[in-house]
Each structure stands twice: as structure tokens, then as C-alpha cells.
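Please look over the sequence and the model below before reading on. The paragraphs after them are meant to be read with the structure open.

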Amino acid sequence: MDDEYSKLIRRMNPPRVAIDNDSCGHATVIEVDSANRHGILLQVVQVLTDLNLIITKAYISSDGGWFMDVFNVTDNDGNKIRDEEILNYIQKTLETEACSSNSLKGSVGVMPSKEDTSIELTGSDRPGLLSEVSAVLTDLRCNVVNAEIWTHNARAAAVIHITDQATGCSIEDAKRLSMIKKRLGNVLTGNNSSFRAPKMTISSPGPAAMHRERRLHQMMFAARDFERLEYAKDISSRPHVTVLDCRDRDYTVVTIRSRDRPKLLFDTVCALTDMQYVVFHGTVITGRMEAYQEHYIRHVDGLPLSSEAERQRVTECLEAAIERRAWEGLVLELSTDDRFGLLSDITRVFRENGLCIKRAEITTTKCGKAKDNFFVSDVSGNSVESKTIDMIRQQIGQTILRVKGNLSFSPKLPQEGARSFLFGNLFKGRTFQTFKLIKSYS
């Protein structure tokens, strides 16, 4: 009955999306008003980040059964969004997504296809792992169409879409799928049994396939990458997360200070949503490479966090969600005509030259071009020497492998000081209550 009532409320109060390019001098302002339900914030943020928009500010309010959010967004160059096609897409998609109760099951950024087979892998990370996985797939005559690989805290997770090399279609033969699973299982097991047994699923994506980046968050969470190893407990490079009680309002207050980067808010909201927490009020402000987030949350049952153990777990999981794709180091961008076995060849060259792939984004365009990004370090996790990169580019091709990011980098957060306006005078000792943004309807 409650579900039918919620559907009636949504039909009577369709979502409203207003896009304003005039009121703010340096960003496009997007306002979303809708009947509230669990997961709607993640859906809206997902739509914006899948368009590679940068959220510079956000104000979130979803108390009293209504969702009212404001987002300031720019493109990657810091400009307002002027493209009418993109603006119309945002308007139409947000109004549709905010109205649908099943939208979280679908994918905005990754269109599922019945023409390929999806492989999900989780296990212990080690140097050369992607090279070994891609070599096995090549040996089994599987073509990698697109893939995304994350590593964090000695764990690895990957979502890989493959086709049959001969037919270009999905692989449906049960014996062949069993062989793929067996061979990849042997690679994942390797010589390292320090964590849980590796996990793998093989399936044909359907119309309700999970958003790939959200799925990777879930896979890393299931692999318990938030549990830090003894040798990895240096706190200097972590985001600063605090979880405190707000007793007079019956909320738990989560504040996060970290380096700013694309998709930061998506990663934060994704973690909170998958842990079954609801953001009732929130603010996000970014600047000078720093980001400040403050969220007033409760569990889906309406209660704030009840124990120190739960607060510690939320802290660790948010730190992990932010760290999974935080990267200050070297990025190698490959752009060339796609061919069978390309990923295996490229990753073999990386491995032979002592590179360790920390994250990878593998894409094949409709016109048959490979557009891949590899986030790399040396095997010790340090920066890569320039002479090593020169050797790799000579082997692969100077024109098809571009170098982005920093050859030398420090993973530490900027220190608080006079030039750090976000964490100096502006937010010191302040919360949303200071700005009169909290009003509880419970």
C-alpha cells in the first residue's frame, strides 16, 4: 500500500527541473524538485557525472517527503554548459529519472548490450594482473570491447565486456564460458591467498544492467577494501572524514575534506546509498583543488547512527570510496585503431617495463577506435621515471600513446594555511545549523 501511495504522490507531483545560465557568473545552475524517495540523490548526481560535468557546489534538502536540490555545474574547462543538446538531455533525463522508481537499476553512462558478455572479477591485486587477465582472454579468442578496472588497498575489481573474436557477438556456449571462468579463476588465485577467495560472474547484460561505476563500488565494498593493511595505515594521504551526532535534530553529521576531483560527489553519495543511509541535508563546496562536503544523514529506518562501531565503519567506507579513484600521478592515454589482442599487447609492454596499472578505462568507439586510459606507477607505487615512459612510447608508438598527469607526484593533501580558503576561516567551527539550512519535519 505504501508503495502504491508513493507512486500516486509522484504522479500528482511530477519532478520539475530548472536550468539557469544567468544567475551565476561562472556556472550553470540546475534545480531539481521532486517527490522524495530513497536513491533519488544518487540518480541525479549520476546523470550529471556521466556527462562529465563538474559539480562545483551543491545544496541538498530532502526532508518532509520532498527532494529539493541545487547543483552548480561546469564542463571540464570550467565553463558554463551552453550546448542546447546537452541542456535538453539534462532536463529530459532528470525529469524521467526523478520520476522513475527503477532508475537506479539502469545505466546512464554505460549502455548495456545483448551483443557482448559481461565478466565481473574481484580478488587480490598484484603487479601484472591486468596483463595476465587480458592475455588469457586473447588466448581464448575473446575480444575486450570495454572494461573498467579499479585497485585499492591490495584488492582489485574489474567489469569487462567481451565478444567472440570470430563472430563479434556475445559468447553463449556453456562449455566455452566454463573454460573462460576456469582460466580466469586460475589467474585471480595466483600465489596470493591473503584475502578471501576471488569472485567471478559471467553474464550477458540486459536492459537492467547496473551502472558500471556503481557496480565497481559495490564489488570493492564486498571485497572489504575499507579494511586497511598494517603497512598502509599512513593517514597523511587520506581524506579527512568525521562522523558526529547532531542530537537536537536527530541526525548524524558527516563532514568530508579532500582533494577535489571529478565524480567525487557521486562516489560519496554512492557509498552512503549502498550502506542504506539517506542524505536529508547537505552542502558541497569546491575550490583551489579542495572539496568540502557536509551531509546530515539517517539510516533508511529513520534513525541516526547508534554506536561508535557504526560511526567508525561509515568513516572507513567513505574514505575507501573516495580513495578508489583518487589519482595524482601518471596517466597514459592510448588512442589508435582497435584490433584483436591490443589490450594484451599494451599491458604486456607495461608489465615488461616495470609499470603497475592502478586503474584502467578501456573503451572501443562505434567507429572502431580504442580510447584507453591507464593510471600507472612503478611496482613500488612510486612515480615512473621519464626514461621508462620514453622507452614504452618507442615500443608502442609516439603518436598513439600520450602522457598525461604527473611524472612525479605527492599523494598528500594540501596543508591547511592562509591560501586554503575552504578550510581556513570559512568553515572553521561552522556547520549547516550556522547557515540556518536545517529544518526538521520529522
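What follows goes through the sheets, the helices on them, and then the side-chain pairs.

The model is predicted, so that local features are given only where pLDDT is at least 70 and side-chain atom pairs only at pLDDT 80 or more, while totals for chains, interfaces and linings use all residues. Residues are numbered from 1 along each chain as its sequence is written, and side-chain values rest on heavy atoms, with hydrogens and water left out.

Two strands are taken to pair if DSSP finds at least two bridges between them.

Contact here means heavy atoms within 4.5 Å, and the angles, which run from 0 to 180 degrees between N-to-C directions, come from axes that are lines fitted to C-alpha atoms, for helices over the stretch in contact. Arginine 311 lies in H8 (residues 308-323) and is buried, with a relative accessible area of 14%, where buried stands for under 20%, exposed for over 50% and partly exposed for values in between (1.4 Å probe, protein chains only). Leaving aside residues up to four places away in sequence, arginine 311 touches Val243, Asp245, Leu305 and Ser306.

Another open sheet of eight strands has the order S8-S5-S7-S6-S14-S15-S13-S16, with antiparallel pairing. Its edge strands are S8 (199-203) and S16 (401-405), each pairing on one side only, and neighbouring strands are turned by 20° against each other on average, direction ignored. Strand S13 (residues 330-337) is joined to S16 by five bridges, the two running antiparallel, and leucine 330 stands opposite glycine 405 in S16. Helix H5 (residues 174-189) packs on this sheet, where it touches S5 (117-124), S6 (142-152), S7 (155-164) and S8, and its direction makes about 155° with that of S8.

Which helix is largely enclosed by the rest of the structure? This is helix H4 (residues 129-139), because eight of its 11 residues are buried; among them are Leu129, Leu130, Val133, Val136 and Leu137. H4 is followed by arginine 141, whose phi is positive, near 60°.

Turning to side chains, a search of the whole structure finds four aromatic pairs; rings of Phe, Tyr and Trp (its six-membered ring) pair if their centres lie within 6.5 Å, and planes under 30 degrees apart count as stacked, over 60 as edge-to-face and the rest as tilted. In one of these pairs the rings of phenylalanine 221 and phenylalanine 226 have centres 5.4 Å apart and planes at 35°, so the pair is tilted. Phenylalanine 221 is partly exposed, at a relative accessible area of 27%, whereas phenylalanine 226 is buried, at 5%. The rings of tyrosine 251 and phenylalanine 280, with centres 5.8 Å apart and planes at 50°, also form a tilted pair. Because tyrosine 251 lies in S10 and phenylalanine 280 in S11, this pair ties together parts that are 29 residues apart in sequence. Ring pairs link Tyr251, Phe280 and Tyr296 into a cluster.

A search of the whole structure also finds 26 salt bridges, each being a side-chain nitrogen of Lys or Arg within 4 Å of a carboxyl oxygen of Asp or Glu. Aspartate 225 forms one with arginine 324, the closest N and O atoms being 2.8 Å apart. Aspartate 225 is buried, with a relative accessible area of 0%, and arginine 324 counts as buried at 6%.

How values were computed. Helices (H or I, at least four residues) and strands (E, at least two) are DSSP runs, numbered from the N terminus.
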